[in-house]
Every structure is written in structure tokens, then in C-alpha cells.
Amino acid sequence: MNPEVLQQLSFIFSQFNIGSDFISYKELASGHINDTYLIATSKKPDVILQRINEGVFKDVPGLIKNKVMISEHLQKKLSHLPKSERDRKVLTFIPAKDGLPFYNEKSGNYWNMMVYIEDSITYETVLNEAIAYEGGKLIGSFLNLTSDFDATLLIEVIPKFHDMTFRFSQFEDALKIASPKRLHSAFQEIKNVWKYKNEMHLLQQLKESGKLKERVTHNDTKIANILFDKNNKGLCVIDTDTVMSGIVHYDFGDAIRTICNTAAEDEKNLEKVHFNITFYKAYKKGFLEEIKDNLTPTELEHLPLSAKTMIFIMALRFLTDYLNNDIYYKTDFEDHNLVRSKNQFKLIESFELQLNEIQF
Ligand code: GN1
Ligand code: MG
């Protein structure tokens, strides 16, 4: 443990209303935006302390209010379950000593604390069909249970987050300022962006014309944000930072982006990157079992397109950040964002080769 980090975390910990002592910390480094730590405490439960990136999120108190409201809603919807079970299926936020659901350091950093769900597992890639199926059930159930929550009560934490036109305009701005070196390295990916442009705006057009209903969506449904228990049963959807109003396609598609990728989203060896159709079918089965009655025929019809669209939007965003010299996502090496973008484009290619099977 780094002594400075230890000192900072134990101080932040002491600002929260929790009747136990700080023992040790471990960084959980899977996210690309926030800093997340698992804190071992003297009395159970252990907790998660998270510093929210206020460069990315402009209204952190609003974001935390969103998360707390959604957790409270889910807790009510699952009130028939014993508390011990409910507490493993829904995130519980712990307030600070002043009663606020976060602690704001003098330096401006915002922290929030959650109960750590014991004996839970996360994956970066899916190992088998059963996990894909459970992932689908959990995302479907999240959407189903939040479908009666008034999405207009949620603030838009990142305006136009999944808006394709907006992501294209950011990409075009990046093209203007990118270095010749990076433009050259990303030549093929830039060409790909233009190739898919029209098709990748279809969902947004349907949304804008009112044909796809807006509702509460999670907006970051990658596999790493799904907790499983020791028997690989889906437990809880975590990282609710980006819950906002959206369309089911965002969550259906973004989950597939990682669940059906045979490699991690930043695997460099593209030969390892394939779209796993068996996992797609298993995921879709689980998803529909939970939410089918809550979907319109138009929503259903466009689920396959949502997979391609969400893979594409991440390819585009990683590429844009690469052209901007890595100002948004955390990166571990020089071309990390380019690797991520290439990986997502390879996944789209593999998706396209299997489209006939995916549509049915
Ligand atoms: C970011 O930080 P993390 O891993 O929760 C990003 C998502 C991307 C994801 C790609 C606020 O999420 O949109 O899908 O990286 N979150 C934000 O792994 O931009
Ligand atoms: Mg996130």
C-alpha cells in the first residue's frame, strides 16, 4: 500500500458514517474514469470508496442523487426479498457524517461510499454460455424493474452521452487537431468511421421520431459492471454513474459489446477478437425472459442493430480520444486507445459475418 494513498483514504473513510475502522485498501483498476478502492474494515461490511472524476462528470452531487434514487427504487421493488438477499442485488450507499450521500474534499474531489457485496465476482470476458445468459437476465431485469421510474427525475449526467451525431461532431473536431503521426496510425479506423456513418445513425433517428420509447437506462452495461455470485448466478448491476433517460438498445447493445467479444476490449492481438454467436443467443434469451412483455415490436426488431451501434460508438469514442492525445480515458500505454478502437472495429467485422444468424 502506498503510504500517501493510505493516509488519504483513511481520512476520507473517517468522514463517512460507518461504525468500523479502516484496515487496508486495494485499488480496483478496471474502470477508465473514476478511482475505485475496496476498503477492508474492522467490522463487516467492507466498503467501496470511489472518487468520482469531476472532469468527466460536471454535476457530481446530481450524479450521486441519481444513483441513490435508483437504488432506493430497486430496494422497494425487491422489498419481498429478505434484506440479506436484497442487499446483494442492489447497491447500498453510505452517507457521510453530515448526512450527504458524498464527501467533498477541500481540494474539490467528490467521494462516495458503497457497501461491498461479499463473495461477488466480476469478469472482463465471458467464459461460457451460462454467464452470458445470466448477464442478459440481470440487464433485462434492471430495465424491467426501473421501467416504472420516472426518467425525467434523473439529471443528464453527461449530455448527449450516446448521441451519435454528437459523437461524430467530437470526432470531426478531433480530426482537425490530431497530430500527423496519430492521423497516420489511425488511417484505417478513420476510414471505417465514414463507412458505417449512415447506418449508425438509424437508432437515434428512431428515438428522435418517438418510435423508440425513452426510459431509465444504465448506459454502461459492460460485463465488468455485472456482479456474479460464486455459482455464476447474476447478482447486481454496479456502476450506476450514468443512469439516465435512454432507450433499451443502449443497454442491450453495450452489454453485448463485451459479453460476445472473445477477448478483452483492449486485446492487441486481433486474431483473438471474434463475435461469439452462442453467447449472443444465450444473452438475448436471458434478457428477453426478463423484459419481453415490456418491449414494443419496434424495440424488439432493432435489438440486433443496437449491438452493432454500441460497438461502433465505443470504437468511435476510443478513436476520438486517441486523436485528442488521450484526454478522456485512462490509458496504460502509448496506443492504448487506438488498440481499443481497432479491437471494436474487428468485433463489428466479425458481427457482420454472422449477421444472418444474429437476426433470427
Ligand atoms: C467508461 O469507466 P468505465 O469503465 O465505467 C465509459 C463508458 C465506456 C467504457 C468502456 C462515463 O466506463 O461509456 O463504455 O469506459 N464511461 C464514461 O470500457 O465515459
Ligand atoms: Mg462507468
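I began with the buried area: domain 1 and domain 2 bury about 2400 Å² between them, with 62% of it on carbon and sulfur atoms. Buried area here is the accessible area (1.4 Å probe) that two parts lose on being put together, summed over both.

I noted the ground rules next. This is a predicted model, in which local features need pLDDT of at least 70 and side-chain atom pairs count only at pLDDT 80 or more, while totals for chains, interfaces and linings use all residues; side-chain values use heavy atoms, with hydrogens and water left out. Residues are numbered from 1 along each chain as its sequence is written, chains are lettered from A and ligands numbered from 1 in the order in which they are written.

**Entry 1. The two domains**

I looked up the bounds: domain 1 covers 3-115 and domain 2 covers 129-358, as given by an automatic or database domain assignment. Their C-alpha centres lie 26 Å apart. I found 27 residues from domain 1 and 30 residues from domain 2 in the contact (heavy atoms within 4.5 Å). On the domain 1 side, His-32, Asn-66 and Ile-70 lose the most area to domain 2, together 28% of what that side buries.

I looked up the salt bridges (a side-chain nitrogen of Lys or Arg within 4 Å of a carboxyl oxygen of Asp or Glu) and found three between domain 1 and domain 2. I also checked the pair Lys-330 and Asp-35, a salt bridge with its closest N and O atoms 2.8 Å apart. Polar contacts are pairs of N or O atoms within 3.5 Å; within protein, one must be able to donate a hydrogen and the other to accept it, and residues adjacent in sequence count only if both atoms are side-chain atoms. Between the domains I have 11 residue pairs in polar contact, both at pLDDT 80 or more.

Which elements give two or more residues to the side of domain 1 that touches domain 2? They are β3 (47-52), α2 (60-77) and α3 (83-89), and α2 gives the largest share, nine residues. Helices (H or I, at least four residues) and strands (E, at least two) are DSSP runs, numbered from the N terminus.

**Entry 2. Ligand 1**

I counted as near any residue with a heavy atom within 4 Å of the molecule. Of the 16 residues around ligand 1, Asp-220, Lys-222, Glu-265, Arg-317 and Tyr-328 come nearest. A polar side-chain atom of Asp-220 is 2.8 Å from a ligand oxygen, and one of Arg-317 is 2.7 Å from a ligand oxygen. For Asp-239, a side-chain N or O atom is 2.8 Å from an oxygen of ligand 1.

**Entry 3. Salt bridges overall**

I have 24 salt bridges in the structure. One joins Glu-290 and Lys-137 at 3.1 Å, N to O. Glu-290 is in helix α10 (residues 277-291) and Lys-137 in helix α4 (residues 129-145), so the pair ties together parts 153 residues apart in sequence.

**Entry 4. Backbone**

I checked the bond between Lys-44 and Pro-45: the peptide is cis, with omega about 5 degrees. Pro-45 sits in the loop between β2 (35-41) and β3. Asp-119, a residue other than glycine, has a positive phi near 55 degrees. I placed Asp-119 in the loop between β6 (110-115) and α4.
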